[in-house]
Amino acid sequence: MNARAWAELLRLPALFTVPGDALAGAAAVSARPGRRTLQAIGSSLCLYEAGMALNDWADRQEDAVERPHRPIPSGRVQPAAALMAACAFTAAGLVLASRAGRPALAVATPLAATVWAYDLKLKHTPAGPVAMAAARGLDLLLGAAATRPAPGATRRALPSAALLSAHTLALTTVSRRETTGGAALPPLAALVTTGALGFLLSRELPAGRGAAVTPGLPGIGAAAPRPSRASRLRLPFPLGSALTAAYTAVAARPYFHATLNPSPALTQRAVGGGIRATIPLQAALSARAGAPVTALLTAALAPLAAKFAKKVSVT
(Lines give C-alpha, C1' and ligand atoms only; values in the text may rest on other atoms or scores of the structure.)
Protein backbone atom coordinates (compact mmCIF):
# COMPACT_ATOMS: atom_id res chain seq x y z
CA MET A 1 0.00 0.00 0.00
CA ASN A 2 1.27 3.47 -0.94
CA ALA A 3 1.06 5.28 2.40
CA ARG A 4 1.80 8.68 0.91
CA ALA A 5 -0.92 8.27 -1.70
CA TRP A 6 -3.46 7.41 0.99
CA ALA A 7 -2.30 10.38 3.07
CA GLU A 8 -3.01 12.60 0.06
CA LEU A 9 -6.35 10.93 -0.64
CA LEU A 10 -7.49 11.39 2.95
CA ARG A 11 -6.04 14.92 3.29
CA LEU A 12 -4.44 14.01 6.62
CA PRO A 13 -3.27 17.58 7.46
CA ALA A 14 -6.87 18.75 7.21
CA LEU A 15 -7.78 16.37 10.05
CA PHE A 16 -6.45 18.96 12.49
CA THR A 17 -9.45 21.15 11.67
CA VAL A 18 -11.87 18.47 12.90
CA PRO A 19 -11.41 18.05 16.70
CA GLY A 20 -12.19 21.73 17.32
CA ASP A 21 -15.78 21.16 16.17
CA ALA A 22 -16.56 18.75 18.99
CA LEU A 23 -14.57 20.80 21.52
CA ALA A 24 -16.46 23.95 20.58
CA GLY A 25 -19.69 21.99 20.93
CA ALA A 26 -18.73 20.86 24.42
CA ALA A 27 -17.82 24.43 25.36
CA ALA A 28 -21.15 25.70 24.01
CA VAL A 29 -23.04 23.56 26.54
CA SER A 30 -20.58 24.40 29.34
CA ALA A 31 -19.42 20.83 29.78
CA ARG A 32 -15.89 19.66 30.42
CA PRO A 33 -14.63 17.41 27.60
CA GLY A 34 -14.49 13.78 28.63
CA ARG A 35 -14.64 10.24 27.31
CA ARG A 36 -17.81 10.87 25.31
CA THR A 37 -16.23 13.95 23.76
CA LEU A 38 -13.26 11.88 22.64
CA GLN A 39 -15.64 9.36 21.09
CA ALA A 40 -17.41 12.20 19.29
CA ILE A 41 -14.05 13.44 18.00
CA GLY A 42 -13.24 9.94 16.79
CA SER A 43 -16.60 9.75 15.06
CA SER A 44 -16.04 13.15 13.43
CA LEU A 45 -12.59 12.14 12.20
CA CYS A 46 -13.94 8.94 10.67
CA LEU A 47 -16.85 10.68 8.94
CA TYR A 48 -14.52 13.39 7.67
CA GLU A 49 -12.19 10.79 6.19
CA ALA A 50 -15.18 9.00 4.68
CA GLY A 51 -16.02 12.26 2.92
CA MET A 52 -12.45 12.68 1.66
CA ALA A 53 -12.26 9.16 0.20
CA LEU A 54 -15.75 9.38 -1.28
CA ASN A 55 -15.00 12.81 -2.74
CA ASP A 56 -12.07 11.52 -4.78
CA TRP A 57 -13.97 8.41 -5.81
CA ALA A 58 -16.90 10.49 -7.07
CA ASP A 59 -14.59 13.00 -8.82
CA ARG A 60 -12.20 10.47 -10.34
CA GLN A 61 -13.17 11.27 -13.94
CA GLU A 62 -13.06 15.02 -13.41
CA ASP A 63 -9.73 14.73 -11.59
CA ALA A 64 -8.28 12.75 -14.49
CA VAL A 65 -8.57 15.96 -16.52
CA GLU A 66 -8.04 18.73 -13.96
CA ARG A 67 -5.93 17.02 -11.25
CA PRO A 68 -4.19 14.02 -12.84
CA HIS A 69 -1.65 13.99 -10.00
CA ARG A 70 -4.32 12.99 -7.45
CA PRO A 71 -4.01 9.42 -6.06
CA ILE A 72 -6.87 7.82 -8.01
CA PRO A 73 -6.29 9.22 -11.53
CA SER A 74 -2.53 8.69 -11.13
CA GLY A 75 -3.19 5.00 -10.38
CA ARG A 76 -1.67 5.03 -6.91
CA VAL A 77 -5.04 4.22 -5.27
CA GLN A 78 -7.66 2.03 -6.90
CA PRO A 79 -11.20 3.47 -7.11
CA ALA A 80 -12.71 0.38 -5.46
CA ALA A 81 -10.32 0.71 -2.53
CA ALA A 82 -11.29 4.37 -2.05
CA LEU A 83 -14.99 3.47 -2.07
CA MET A 84 -14.46 0.65 0.42
CA ALA A 85 -12.52 3.04 2.65
CA ALA A 86 -15.40 5.52 2.56
CA CYS A 87 -17.84 2.80 3.62
CA ALA A 88 -15.55 1.56 6.39
CA PHE A 89 -14.93 5.04 7.78
CA THR A 90 -18.66 5.77 7.76
CA ALA A 91 -19.44 2.60 9.66
CA ALA A 92 -16.68 3.30 12.18
CA GLY A 93 -17.92 6.85 12.68
CA LEU A 94 -21.46 5.70 13.42
CA VAL A 95 -20.23 3.00 15.81
CA LEU A 96 -18.15 5.53 17.75
CA ALA A 97 -21.10 7.90 17.89
CA SER A 98 -23.31 5.14 19.26
CA ARG A 99 -20.75 4.50 21.99
CA ALA A 100 -21.08 8.16 22.96
CA GLY A 101 -24.83 7.77 23.46
CA ARG A 102 -28.11 7.94 21.58
CA PRO A 103 -28.13 11.77 21.33
CA ALA A 104 -24.73 11.64 19.64
CA LEU A 105 -25.85 8.92 17.23
CA ALA A 106 -28.97 10.96 16.46
CA VAL A 107 -26.68 13.76 15.23
CA ALA A 108 -24.04 11.56 13.59
CA THR A 109 -26.59 9.78 11.39
CA PRO A 110 -27.77 12.88 9.50
CA LEU A 111 -24.16 14.08 9.44
CA ALA A 112 -23.09 10.90 7.63
CA ALA A 113 -26.06 11.20 5.27
CA THR A 114 -25.11 14.80 4.50
CA VAL A 115 -21.52 13.79 3.73
CA TRP A 116 -22.63 11.13 1.27
CA ALA A 117 -25.30 13.33 -0.30
CA TYR A 118 -22.78 16.12 -0.81
CA ASP A 119 -20.13 13.96 -2.47
CA LEU A 120 -22.47 11.90 -4.64
CA LYS A 121 -25.14 14.40 -5.65
CA LEU A 122 -25.05 17.92 -4.24
CA LYS A 123 -21.45 19.07 -4.69
CA HIS A 124 -21.93 20.51 -8.17
CA THR A 125 -25.39 21.94 -7.50
CA PRO A 126 -26.41 25.22 -5.82
CA ALA A 127 -27.15 23.18 -2.68
CA GLY A 128 -23.53 22.05 -2.39
CA PRO A 129 -22.19 24.86 -0.16
CA VAL A 130 -25.31 24.63 2.03
CA ALA A 131 -24.78 20.90 2.51
CA MET A 132 -21.13 21.40 3.43
CA ALA A 133 -22.07 24.15 5.89
CA ALA A 134 -24.72 21.88 7.42
CA ALA A 135 -22.13 19.13 7.86
CA ARG A 136 -19.81 21.42 9.84
CA GLY A 137 -22.66 22.64 12.00
CA LEU A 138 -23.79 19.09 12.70
CA ASP A 139 -20.23 18.15 13.59
CA LEU A 140 -20.19 20.81 16.31
CA LEU A 141 -23.60 19.65 17.55
CA LEU A 142 -22.23 16.10 17.68
CA GLY A 143 -19.68 17.21 20.26
CA ALA A 144 -22.37 18.97 22.27
CA ALA A 145 -24.76 16.00 22.18
CA ALA A 146 -22.04 13.55 23.19
CA THR A 147 -20.59 15.64 26.00
CA ARG A 148 -23.89 16.67 27.58
CA PRO A 149 -26.63 14.24 26.51
CA ALA A 150 -29.31 15.90 28.68
CA PRO A 151 -32.61 16.58 26.85
CA GLY A 152 -32.58 19.94 25.14
CA ALA A 153 -28.94 20.71 25.98
CA THR A 154 -27.80 20.49 22.37
CA ARG A 155 -30.04 23.42 21.43
CA ARG A 156 -27.69 25.69 23.35
CA ALA A 157 -24.94 24.89 20.87
CA LEU A 158 -26.98 26.09 17.89
CA PRO A 159 -25.57 29.67 17.86
CA SER A 160 -21.99 28.36 17.75
CA ALA A 161 -22.97 25.85 15.06
CA ALA A 162 -24.55 28.66 13.04
CA LEU A 163 -21.38 30.75 13.15
CA LEU A 164 -19.20 27.82 12.10
CA SER A 165 -21.66 26.94 9.33
CA ALA A 166 -21.61 30.52 8.02
CA HIS A 167 -17.83 30.40 7.73
CA THR A 168 -18.00 27.04 5.95
CA LEU A 169 -20.70 28.25 3.57
CA ALA A 170 -18.57 31.22 2.50
CA LEU A 171 -15.44 29.08 2.16
CA THR A 172 -17.15 26.36 0.13
CA THR A 173 -18.68 28.94 -2.21
CA VAL A 174 -15.20 30.32 -2.93
CA SER A 175 -13.77 26.81 -3.43
CA ARG A 176 -16.17 26.14 -6.30
CA ARG A 177 -14.04 28.53 -8.39
CA GLU A 178 -10.77 27.07 -7.18
CA THR A 179 -9.57 25.80 -10.55
CA THR A 180 -11.13 28.42 -12.84
CA GLY A 181 -11.13 31.69 -10.87
CA GLY A 182 -12.70 34.64 -12.67
CA ALA A 183 -15.35 35.62 -10.10
CA ALA A 184 -14.81 38.37 -7.52
CA LEU A 185 -18.21 38.05 -5.85
CA PRO A 186 -17.61 34.78 -3.89
CA PRO A 187 -14.40 35.98 -2.17
CA LEU A 188 -16.00 39.38 -1.58
CA ALA A 189 -18.99 37.69 0.08
CA ALA A 190 -16.58 35.55 2.12
CA LEU A 191 -14.69 38.68 3.17
CA VAL A 192 -17.91 40.33 4.36
CA THR A 193 -18.91 37.13 6.16
CA THR A 194 -15.55 37.01 7.92
CA GLY A 195 -16.01 40.58 9.14
CA ALA A 196 -19.52 39.85 10.35
CA LEU A 197 -18.40 36.72 12.19
CA GLY A 198 -15.55 38.64 13.80
CA PHE A 199 -18.05 41.22 15.02
CA LEU A 200 -20.40 38.58 16.42
CA LEU A 201 -17.55 36.74 18.12
CA SER A 202 -16.51 39.95 19.86
CA ARG A 203 -19.94 40.37 21.45
CA GLU A 204 -20.46 39.03 24.96
CA LEU A 205 -22.94 36.21 25.36
CA PRO A 206 -26.11 36.84 27.39
CA ALA A 207 -25.71 36.29 31.11
CA GLY A 208 -26.30 32.71 32.18
CA ARG A 209 -25.58 31.16 28.79
CA GLY A 210 -23.62 27.96 28.95
CA ALA A 211 -24.10 27.07 32.60
CA ALA A 212 -24.58 23.49 33.64
CA VAL A 213 -27.92 21.90 32.91
CA THR A 214 -28.61 20.46 36.32
CA PRO A 215 -31.23 21.28 38.96
CA GLY A 216 -30.35 24.31 41.01
CA LEU A 217 -27.77 25.67 38.54
CA PRO A 218 -28.32 28.21 35.79
CA GLY A 219 -29.33 26.59 32.53
CA ILE A 220 -32.28 25.13 30.72
CA GLY A 221 -35.31 24.77 32.90
CA ALA A 222 -33.72 26.25 36.03
CA ALA A 223 -33.73 29.68 37.61
CA ALA A 224 -30.40 31.49 37.58
CA PRO A 225 -30.39 34.26 40.19
CA ARG A 226 -26.66 33.95 40.75
CA PRO A 227 -24.15 33.75 37.85
CA SER A 228 -21.81 30.81 37.95
CA ARG A 229 -18.06 31.02 37.60
CA ALA A 230 -18.43 29.73 34.03
CA SER A 231 -20.76 32.58 33.10
CA ARG A 232 -18.39 35.15 34.62
CA LEU A 233 -15.70 33.80 32.27
CA ARG A 234 -17.98 34.08 29.28
CA LEU A 235 -15.56 36.19 27.26
CA PRO A 236 -11.99 35.56 28.42
CA PHE A 237 -9.97 38.68 27.73
CA PRO A 238 -7.64 39.04 25.96
CA LEU A 239 -7.84 35.40 24.82
CA GLY A 240 -11.21 35.70 23.09
CA SER A 241 -10.21 38.93 21.37
CA ALA A 242 -6.83 37.53 20.29
CA LEU A 243 -8.38 34.40 18.78
CA THR A 244 -11.05 36.43 17.02
CA ALA A 245 -8.37 38.71 15.59
CA ALA A 246 -6.35 35.67 14.48
CA TYR A 247 -9.38 34.19 12.73
CA THR A 248 -10.19 37.44 10.97
CA ALA A 249 -6.60 38.04 9.86
CA VAL A 250 -6.01 34.52 8.54
CA ALA A 251 -9.24 34.45 6.53
CA ALA A 252 -9.68 38.08 5.46
CA ARG A 253 -6.36 38.80 3.78
CA PRO A 254 -6.47 36.06 1.09
CA TYR A 255 -10.18 36.73 0.53
CA PHE A 256 -9.32 40.40 -0.07
CA HIS A 257 -6.57 39.53 -2.55
CA ALA A 258 -8.87 37.13 -4.42
CA THR A 259 -11.52 39.83 -4.60
CA LEU A 260 -9.07 42.24 -6.24
CA ASN A 261 -7.72 39.58 -8.60
CA PRO A 262 -9.85 36.41 -8.78
CA SER A 263 -7.23 34.35 -10.57
CA PRO A 264 -7.11 30.58 -9.96
CA ALA A 265 -3.89 30.95 -7.94
CA LEU A 266 -5.27 33.63 -5.61
CA THR A 267 -8.61 31.83 -5.35
CA GLN A 268 -6.77 28.70 -4.23
CA ARG A 269 -4.88 30.77 -1.66
CA ALA A 270 -8.19 32.15 -0.44
CA VAL A 271 -9.50 28.62 0.01
CA GLY A 272 -6.35 27.65 1.88
CA GLY A 273 -6.70 30.69 4.13
CA GLY A 274 -10.31 29.85 4.86
CA ILE A 275 -9.37 26.29 5.81
CA ARG A 276 -6.56 27.49 8.09
CA ALA A 277 -8.92 30.00 9.69
CA THR A 278 -11.24 27.21 10.82
CA ILE A 279 -9.05 26.35 13.81
CA PRO A 280 -8.82 29.87 15.30
CA LEU A 281 -12.57 30.20 14.69
CA GLN A 282 -13.24 27.01 16.66
CA ALA A 283 -10.92 28.23 19.40
CA ALA A 284 -12.64 31.63 19.47
CA LEU A 285 -16.02 29.91 19.82
CA SER A 286 -14.74 27.96 22.81
CA ALA A 287 -13.25 31.10 24.38
CA ARG A 288 -16.51 32.96 23.81
CA ALA A 289 -18.38 30.17 25.60
CA GLY A 290 -16.15 30.49 28.67
CA ALA A 291 -13.77 27.58 28.06
CA PRO A 292 -10.28 29.12 27.83
CA VAL A 293 -8.42 25.83 28.33
CA THR A 294 -10.40 24.18 25.54
CA ALA A 295 -9.76 27.23 23.38
CA LEU A 296 -6.01 26.99 23.92
CA LEU A 297 -5.99 23.25 23.21
CA THR A 298 -7.85 23.89 19.97
CA ALA A 299 -5.56 26.75 18.96
CA ALA A 300 -2.54 24.49 19.54
CA LEU A 301 -3.70 22.36 16.61
CA ALA A 302 -2.97 25.17 14.14
CA PRO A 303 0.84 24.88 14.09
CA LEU A 304 0.55 21.09 13.84
CA ALA A 305 -1.73 21.43 10.83
CA ALA A 306 0.73 23.82 9.19
CA LYS A 307 3.66 21.49 9.88
CA PHE A 308 2.05 18.40 8.39
CA ALA A 309 0.60 20.34 5.45
CA LYS A 310 4.17 20.91 4.26
CA LYS A 311 4.81 17.17 4.16
CA VAL A 312 1.65 15.97 2.42
CA SER A 313 -0.02 17.54 -0.58
CA VAL A 314 -3.69 18.24 -0.05
CA THR A 315 -4.45 19.71 -3.48
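**Notes on side-chain contacts**

1. Arg60 lies over the face of Trp57, at 4.4 Å from the ring centre, where a charge counts as over a ring if NZ of Lys or CZ of Arg is within 6 Å of the ring centre and within 35 degrees of the ring normal. A search of the whole structure for aromatic pairs returns 0; rings of Phe, Tyr and Trp (its six-membered ring) pair if their centres lie within 6.5 Å, with planes under 30 degrees apart counted as stacked, over 60 as edge-to-face and the rest as tilted.

2. The model is predicted, so that local features need pLDDT of at least 70 and side-chain atom pairs count only at pLDDT 80 or more, while totals for chains, interfaces and linings use all residues. Residues are numbered from 1 along each chain as its sequence is written, and side-chain values use heavy atoms, with hydrogens and water left out.

3. The count of salt bridges comes to 8, each being a side-chain nitrogen of Lys or Arg within 4 Å of a carboxyl oxygen of Asp or Glu. One of them joins Asp56 to Arg70, with the closest N and O atoms 2.6 Å apart. Because Asp56 lies in helix α3 (residues 35-58) and Arg70 in the loop between α4 (60-66) and α5 (79-99), this pair ties together parts that are 14 residues apart in sequence; helices are DSSP runs (H or I, at least four residues), numbered from the N terminus. Asp56 is buried at a relative accessible area of 1%, and Arg70 is buried with a value of 1%, where buried means under 20%, exposed over 50% and partly exposed in between (1.4 Å probe, protein chains only).

4. Lys123 and Asp59 meet in a salt bridge at 2.6 Å, N to O. This pair links distant parts of the chain, 64 residues apart, with Lys123 in the loop between α6 (102-122) and α7 (128-147) and Asp59 in the loop between α3 and α4. Lys123 is buried, at 10% relative accessible area, and Asp59 is buried, at 9%.

5. Glu66 and Arg67 form a salt bridge whose closest N and O atoms are 3.9 Å apart, and Glu66 is partly exposed, with a relative accessible area of 41%.

6. Which side of the cut-offs does Val192 fall on, buried or exposed? Val192, found in helix α9 (residues 185-201), is exposed, with a relative accessible area of 55%.

Terms used:
Helices (H or I, at least four residues) and strands (E, at least two) are DSSP runs, numbered from the N terminus.
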